[in-house]
Amino acid sequence: MAFIQTVSPDQASGDVRTMYERYQGTQGYVPNWAKIFSHRPAVMAGWGTLLASVRGNLDPRRYELITLAAARALRSSYCMLAHGAVLERDFYSADQLTAIARNLPTAELAPAEVAMMAFAEKVARDATAITEADVAALRAHGLTDAEIFDVAATAAARCFFSKLLDALGAEPDSVYERFPDDLKRELAPGRRISREAVEPLPAARPASSRG
């Protein structure tokens, strides 16, 4: 579901189909967020380039934690669920991730990671509230200025993606219903999970033969 009309997988062609094929290849279906970009696949390509340039500078687990924190500040169910799924798959149990999503002090995180997540939330919530003391606090945890840039860039980038999806009514894919109820509540503070089945991309039609 979305507030705008999007190109359905069975009607996709050209650049839109190429984009859908890319994400079906990684997820097994065409995610609702990809459909939002069906009007402007070049913007999706640009976003992918930006994201890769930011993500490539960070440890994968820390990138996901920082993104989760920024999405939490934005109340982005879609991004919390998507990045929570990566954290659960690769790094944490469902119970551990529930504690992290709740922002509990008992969560199994290093002090530097707690500080990075708090900084990311503050960036996403109100970047004008960031002070030099906030940056100094990250330095005190051993982060270099380049690493502090990476945290800020990750949080700022999440604002673009999360806000765009929520502004246009994209609902998180129904596959996220698989989460345990406690974790699902923590990861979906905003828009509800879609009740519609995910849509796979139909096989490409063979080119017509020429006589």
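Tutor: Start with the salt bridge: a side-chain nitrogen of Lys or Arg within 4 Å of a carboxyl oxygen of Asp or Glu. By this rule the count comes to 16 salt bridges. The model is predicted, so local features need pLDDT of at least 70, side-chain atom pairs count only at pLDDT 80 or more, and totals for chains, interfaces and linings use all residues. Residues are numbered from 1 along each chain as its sequence is written, and side-chain values use heavy atoms, with hydrogens and water left out.

Student: What makes Arg-62 and Glu-113 a salt bridge?

Tutor: Their closest N and O atoms are 3.3 Å apart. The cut-off is 4 Å, so the pair qualifies. The partners are 51 residues apart, with Arg-62 in helix α4 (residues 60–74) and Glu-113 in helix α7 (residues 111–126). Helices here are DSSP runs of H or I, at least four residues, numbered from the N terminus. Arg-61, Arg-62 and Glu-113 are linked in a network of salt bridges.

Student: How do you know whether Glu-113 is buried or exposed?

Tutor: Buried means under 20% relative accessible area, exposed over 50%, partly exposed in between, with a 1.4 Å probe and protein chains only. Glu-113 has 4%, so Glu-113 is buried. Arg-62 has 27%, so Arg-62 is partly exposed.

Student: Which residue meets Arg-72 in a salt bridge, and why does the pair count?

Tutor: Glu-121 does, at 2.9 Å from N to O. That value is within 4 Å, so the label holds. This pair also links α4 with α7, its residues lying 49 apart. Arg-72 is buried because its relative accessible area is 13%. Glu-121 is buried because its value is 9%.

Student: What makes a set of residues a nonpolar core?

Tutor: The members are buried Ala, Val, Leu, Ile, Met, Phe, Trp, Tyr and Cys residues, joined through side-chain atoms within 4.5 Å. The largest such core has 62 residues. Its largest share, 9 residues, comes from α4. Ile-100 is among the residues with the most contacts inside the core. Contact means heavy atoms within 4.5 Å. Leaving out residues up to four places away in sequence, Ile-100 touches Leu-65, Leu-68 and Arg-72, among others.

Student: Why are Phe-37 and Phe-161 called stacked?

Tutor: Rings of Phe, Tyr and Trp (its six-membered ring) pair if their centres lie within 6.5 Å; planes under 30 degrees apart count as stacked, over 60 as edge-to-face and the rest as tilted. The structure holds 6 aromatic pairs. In this one the centres are 5.9 Å apart and the planes at 15°, so the pair is stacked. Phe-37 lies in the loop between α2 (32–36) and α3 (41–55) and Phe-161 in helix α9, so the pair ties together parts 124 residues apart in sequence. Phe-37 is buried, at 3%. Phe-161 is buried too, at 7%.

Student: What makes Arg-178 lie over the face of Phe-179?

Tutor: A charge sits over a ring if NZ of Lys or CZ of Arg is within 6 Å of the ring centre and within 35 degrees of the ring normal. Arg-178 is at 4.4 Å from the ring centre of Phe-179, over its face.

How values were computed: Helices (H or I, at least four residues) and strands (E, at least two) are DSSP runs, numbered from the N terminus.
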